[in-house]
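Please look over the points below with the sequence and the structure open beside them. They are written as a colleague's note.

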Amino acid sequence: MNNWALIIYCGLITYLTRFSMIALIKKEMFNDRVRQVLSYVPTAIFPAIIFPAIFLDNSGSILIEDNPKIMAALIATLIGVFTRSILATIFSGLASYWFLIFVV
Amino acid sequence: MKSNLKVFLKGILDVSPLMIPVVPFGLIFGVLAIDVGFSPLETMGMSLIVFGGASQIVLLQLFSGGASSLVIISSVGAVNSRHLLYGAVVSEHLSDLKLIWKILISYFLVDQAFARSNEYFKKNNDDNKYFHLVGGGATCWVIWQTTTFLGIILGSFIPEKLGLSFAVPLTFLALLVNDFRKFINVIVIIISGLVATFGYNYIPFKAYAIVAGLTGLLTAMILTKMIKTNE
């Protein structure tokens, strides 16, 4: 398969995952219980992006010792809990990460 | 009711802080794509056609590792299956729209826009509230295309050791700031995170994200049944 075909297929499958539910689900299928469970979608999905990016190294093995990302993420979480600010969370995380790799 | 333009602008405003980490992410993507052997035109085409950071990085990783097209396409599908859930969540708010709007809005259903518009949809019930998702999505689109382009051009000028890829998990962490004070949410976060981390190498086709997400959702389903809190 040439590169363009690969890109187009990947684009198609990406688009279909976005479109299918919006196209298929009808309003009548919702009730309070469904709504309640679906309200946990961000809470359930985002950690699956966060955790591996923090705890795994480039080769995919778990890295706990000598991993400044863990401490930086903890600091960002704490700042996030207290400020509830998206910007403060991102910047405190990046700042503490750079402090840990460049200064300490 | 607010005007369409106002809702559109509110979408732009709400998603803007989340765009800061997207800048280095897009640059890195542009650099990487050229690195693993895509032409500048193909790289730009990828951002335009796929328009999804996680899928595009997975595509590059597997491509450079010599994976077959079938493995690459199914892995991209698995990584993207989280959008099925996003779609399910927002479908309630978009169900009255004309098909043409649904087709257009689906292209813009990226993580950051979904997260912010989902919050907006819960608090607002005007007929034109979907303009919020169009505004947020269009913002993500402009930033993603621009930074991909800059990444292609600037290439090797960007220092790799800045650890800018750490900005990506931070974005998603920032989206959970309202979750950390709620018991059920914290449990769901930990379970999903552990399943993803330990399943990363063992769950085929990079499906770890959706497996972890569904496990987390199941946990939420059980816990909300057990603990009848009225949040």
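Predicted model: local features only at pLDDT ≥ 70, side-chain atom pairs only at ≥ 80, totals over all residues.

The points that follow go from the chain B fold to its domains, its first helix, and then chain A.

1. Secondary structure of chain B. Chain B comes to twelve helices and zero strands, and from the N terminus on the order of its elements is accordingly written α-α-α-α-α-α-α-α-α-α-α-α. The radius of gyration of chain B is 19 Å, close to the 17 Å given by the globule rule for 231 residues, so chain B is as compact as a globular protein of that length.

2. Dimensions and packing of chain B. Taken along the principal axes, the C-alpha atoms of chain B fill a box of roughly 55 × 45 × 35 Å. Of the 231 residues in chain B, 48% are buried. Among the contacts in chain B with a separation of 6 or more, 77% are accounted for by residues 24 or more positions apart.

3. Domains of chain B. The domain assignment divides chain B into domain 1 (4-174) and domain 2 (176-231), and the C-alpha centres of these two domains of chain B lie 22 Å apart. Where they meet, eleven residues of domain 1 of chain B are in contact with eight residues of domain 2 of chain B.

4. The domain 1 side of that contact. In chain B, the elements that give two or more residues to the side of domain 1 that touches domain 2 are α5 (69-80), α6 and α10 (167-174), and α5(B) gives the most, with four residues. By class, this side of domain 1 of chain B has seven nonpolar, three polar and one charged residues.

5. B:Ser3 lies in the segment before α1 (4-15) of chain B. Is B:Ser3 buried or exposed? B:Ser3 counts as exposed, because it has 10 C-beta neighbours inside 10 Å, and a residue is exposed if that number is 12 or fewer.

6. Helix α1 of chain B. α1(B) has twelve residues and reaches 17 Å from its first C-alpha to its last, which is close to the 16 Å expected at 1.5 Å a residue. Within α1(B), the residues B:Val7, B:Phe8, B:Lys10, B:Gly11, B:Asp14 and B:Val15 are buried. Which elements do the buried residues of α1(B) pack against? Their partners are α8 (111-123) and α9 (131-154) of chain B.

7. The contact between the chains. Between the two chains, 75 residues of chain B are in contact with 60 residues of chain A. Helix α6 (residues 82-94) of chain B provides the largest share of the side of chain B that touches chain A, namely twelve residues. By class, this side of chain B has 45 nonpolar, 24 polar and six charged residues.

8. Domains of chain A. Chain A is divided into domain 1 (1-39) and domain 2 (42-104), and the C-alpha centres of these two domains of chain A lie 29 Å apart.

Note on methods. Residues numbered from 1 in each chain as written. Chains lettered and ligands numbered in written order. Contact = placed C-beta atoms within 7 Å. Nonpolar A, V, L, I, M, F, W, Y, C, P; charged D, E, K, R; others polar. Domains from an automatic or database assignment. Rg over C-alpha atoms; globule rule 2.2 N^0.38 Å. Buried ≥ 20, exposed ≤ 12 C-beta atoms within 10 Å, placed from the backbone. Expected span 1.5 Å × (residues − 1).
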